[in-house]
Structure formats: structure tokens, C-alpha cells
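I shall describe one structure, taking the chain segments, the pairing of the copies and the contacts with DNA in turn.

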Protein chains: 2
Amino acid sequence: MDRRSNCVKMMDMTIRTARNTRRSDALSRERIVEATVEVLDATGEAGLTVRALTAHLSTGRGAIYHHVANKEELLAAATDDIVGRVTAGTGDDDPERAIRALALGIFDAIDAHPWVGTQLSREPWQPAVFRIWKSVGSQLQRLGVPGPARADAGSALVNYVLGAAAQYAAGARRATSDADRKAYLETLAAQWAQHDPDPIVQDAASQLREHDDREQFRAGVDIFLTGITARR
Amino acid sequence: MDRRSNCVKMMDMTIRTARNTRRSDALSRERIVEATVEVLDATGEAGLTVRALTAHLSTGRGAIYHHVANKEELLAAATDDIVGRVTAGTGDDDPERAIRALALGIFDAIDAHPWVGTQLSREPWQPAVFRIWKSVGSQLQRLGVPGPARADAGSALVNYVLGAAAQYAAGARRATSDADRKAYLETLAAQWAQHDPDPIVQDAASQLREHDDREQFRAGVDIFLTGITARR
DNA sequence: ACCTGAACACCGTTCAAGT
DNA sequence: ACCTGAACACCGTTCAAGT
């Protein structure tokens, strides 16, 4: 990591000396957000420090404050970057299929970038969450859900997606590989079963061992869609 | 605050001198968790620092580490304290009404203690979340939802409740009074409406101005229950 | 205008020293 | 055994000084 960032720094210096111009990757809000995503993906939420970020960008600690107000804005911008790619890609003709695709798209984005799940449920009025509201709202309109009911339906669906996002993200953070994840759930199920003799818990523990997060998430979307269309 | 904590310290000293015994409020995990709730309620999540907590307890910074492993455990224990009171109080005969009461109980607890909402969606395997899972699971069983479907239904409902919890908590954190909250939503709706001419957004902005968080949350629970019973 | 990096005002946690 | 508080290894953010 240190080796690599020194190497990048040397390349920049060469370019600057040769052309005698501004370095080609001069700081910009865009470049900073891109670097933020890189640092978050590589080292997780705890790894995103201003020191780590500015080292990755080969610049001084204060430099980023010329382009973003603070770390919170940085996290919101990085999250919007990822979510923007998801909401841009849902062009299905059938509104119900479009909603499913949107929800699963967000699930998969969080699987790839767990920090997105944590960030989404932290601040309701950030751009990324606004994007999700807007997407869900327009599909519900196309589905024929009328005005006031649409607000309730949208709220239910968005809150479900964000809630699941945060929970699954925490799991993905804890166990990176599939094997780790399975072992972790196994231990947890055993703990539950040992801790509490209640048949509900015994049953839940055995379900936990063999459950598939993505399938369970999909089933939840179906339940809400059923609830929405049943009262249309 | 400083005045008050000095006063408490002096009282303790008097008691100790007079009786020549251990001070009456000797540290214990229970007392520490109680103090944590007090500090969180008074100053919010950002206000809970080990320094503030140990000052409130009139003790040294390191003292709490004899009773809890770290700050994360402290937050989980404080959250479990609040959620435990909610799950203990739902004894309705009708399982559907019991689910509604549980969900609204958690909503109200978060309204009173916004930090609970944030904490609940941060760590899926903490005691407080386990409590919620267990409560929901047993009511769904009484509702007649069979094994595998019950896991999907439980996951959907818990994720919805936790997602809504985090979103509303963030709102409650930002605006304490009802008037503040209304003014804030007003400003936000105006920003949306100005920022984006899309009719979906215009419509959502006007809904936002007059919407009631608690009613919307309740509507979401209804949508979910409809979805569950429609496929039973 | 933009960047640098030392300085500031904080954190959570540890641990030798006390009782 | 339990508590104390200085010390440690960090944070995010600011700002005078540079280019």
C-alpha cells in the first residue's frame, strides 16, 4: 500500500516535470469522491480517515476541504455515486418487475460495497436516498397506486429496503467470504439454540443455518408488493 | 452540569465518611447502563463519550472497563434496556393486534430515544434485535404462518421496522420540537420542489409537508400484514 | 485559487499505581 | 477486587504559510 502510493506519487512528479503543467489528476470533487469509494472498498468504513484518503490522493490533509465541507458530505457523495449507477439501470417496461430489479440492484450494490448499506440508513435526506424514493415513487405511479396511498406504499417499500440493506451490510462486513459467512451463522445459530430453549428460537436457529439472504430479501419485496396490490 | 456533578460527589463523600462503608451507588454493570441511558437521552449519541459518562458517574475513565468490554457493548446494553421494556409489554390476545402494538411500541420508544433507532440498525446480532425477532416470530406463529414462510415474513417485518426506525430517528435527532420538525420538512419540501420539476417529486414534496410519521409507519405495518395474510 | 502540514481540540482504551 | 487518571495512539478540522 505504501509502496504503491509512493509509486503513484513518483509518476505524477514525472508528468509534471516533463510537461511543466498541472498534474493530470489535479484535485476535484469528482476525483476525491472516486478516491473515497476506492478507500472504502479497500479498507471499509473504519478505514476511511482523512489521513488515509489524502495519502491515497498524495496531497495534504486540508486539501479536500476546498472541495467538500466535511466527512459526512464525502460519505453521502460516495454513496450517491454507487446508488446512482443502480437507479440509472432500471428500465423495465413492467413496473412490478422494475421495482424488483431496483430492490435487488440495491441489495447487490450493498453486497459489493457494505458501507453503502450503513450509510443509507444513517441520513434520510441524502441524495442517494432521494434517488431511491424517486425511483420507487415513479414505478408505483405506473403501477396505478393513487396519490395518498402511494406515499404510504413508497414509505413502506423504501424503509424495508433500507432496513434490510443495513442489516445485510453488517453481516457482509463481519464475514467477507461465503465460507466465513456460513461458519459465522453456524456459530450464531448454536449460540441462540443453547441460550434459549423456546421452540420459536430453536426453529429460528435451524432456519438461520440454511437461509439465503438474497432469497429472503426477494421474498420480503414480494410480501410488500402483494400488500400494495391487494388494496389497490 | 459541573456544579451538579460536584454536588453528587460531595454527597457520596459525606455518606462514605459518616457510615464508613462503600458508597451507596457503587459501580455495577446495571448502574453503568442506567447512566449511559441518561447521558444518551440528555446529550444524544454524539454526547456519549467515556469522559462524559465517567464524569456523570463521578469515577475514573478506566473504571467502566471492569464491567463492560467497550463502548459498543455499552450502546447495545442501553438499547436492550429500552427495547426490553417494549417487548415485555405486549400481551394482546389477538396476534395481529399484538404485532401492531409491538411495532408502534418500538416506534414510540425511538421517538422518545432517537439513539435507539440508530443503534438498532447498526448491529443485527445484538440482544435488542434478537428480542424483536423473537417477539415477531412468536406472534407470526400464533397468526398461523407456517415454518419457512414465517422466516421470510419475520425478516420482512423486522427489516421494515428497523429501517423505518433508523429513518425516523434521524429526523427526530435533527428537529426536537414539533414546530422545528414542521419547519424543517417545509424547507426540505421547498428544496425538492425547486430542485426537480418532475411531477413525481412535486407531488411527493406536497405530501411531505402534511404527512404524519406515525400514521405512515402504521400504514406500512398494515401493508405488510395484508401481504402476509393474502398468501397464507 | 489551490494546496500544505503543523497545530488544535478532541476521541476510546490501556495500565501502572493506588486503596 | 476495584478504582484512578495519566499516557498512548489515534481522530476530524482549521489556518497561517506557501505556490
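**The annotated segments of chain A**

Helices here are DSSP runs of H or I with at least four residues, strands are runs of E with at least two, and both are numbered from the N terminus. The UniProt record, an unreviewed entry, assigns "domain: HTH tetR-type" to residues 26-86 of chain A. UniProt positions follow the numbering used here, feature names are shortened, and annotations may be inferred rather than shown by experiment.

Please keep in mind that this is a predicted model: local features need pLDDT of at least 70, side-chain atom pairs count only at pLDDT 80 or more, and totals for chains, interfaces and linings use all residues. Residues are numbered from 1 along each chain as its sequence is written, chains are lettered from A and ligands numbered from 1 in the order in which they are written, and side-chain values use heavy atoms, with hydrogens and water left out.

Over residues 49-68 of chain A, the chain is 35% helix and 0% strand, with the end C-alpha atoms 14 Å apart.

**The two copies**

How is chain A superposed on chain B? A rotation of 180° with 0.0 Å of shift along its axis does so, with an RMSD of 0.1 Å. The two copies are therefore related as by a two-fold rotation axis. The same surface serves both copies, since 100% of the contact residues of chain A recur in chain B. The superposition is by least squares on the C-alpha atoms of residues with pLDDT of at least 70 in both copies, and contact means heavy atoms within 4.5 Å.

A residue is near a strand if one of its heavy atoms lies within 4 Å of it. DNA strand C is surrounded by 18 residues, the closest being A:T59, A:H66, B:R51, B:Y65 and B:K71. Sugar and phosphate make up 49% of the atoms of DNA strand C that come within 4 Å of the protein.

Polar contacts are pairs of N or O atoms within 3.5 Å; within protein, one atom must be able to donate a hydrogen and the other to accept it, and residues adjacent in sequence count only if both atoms are side-chain atoms. A polar backbone atom of A:G60 is 2.8 Å from a phosphate oxygen of DNA strand C. A polar side-chain atom of B:K71 lies 2.7 Å from a phosphate oxygen of DNA strand C.

DNA strand D is likewise surrounded by 18 residues, and the closest are A:R51, A:Y65, A:K71, B:T59 and B:H66. A polar side-chain atom of A:Y65 lies 2.7 Å from a phosphate oxygen of DNA strand D. Which part of DNA strand D is 3.3 Å from a polar backbone atom of B:R61? It is a base nitrogen of DNA strand D.
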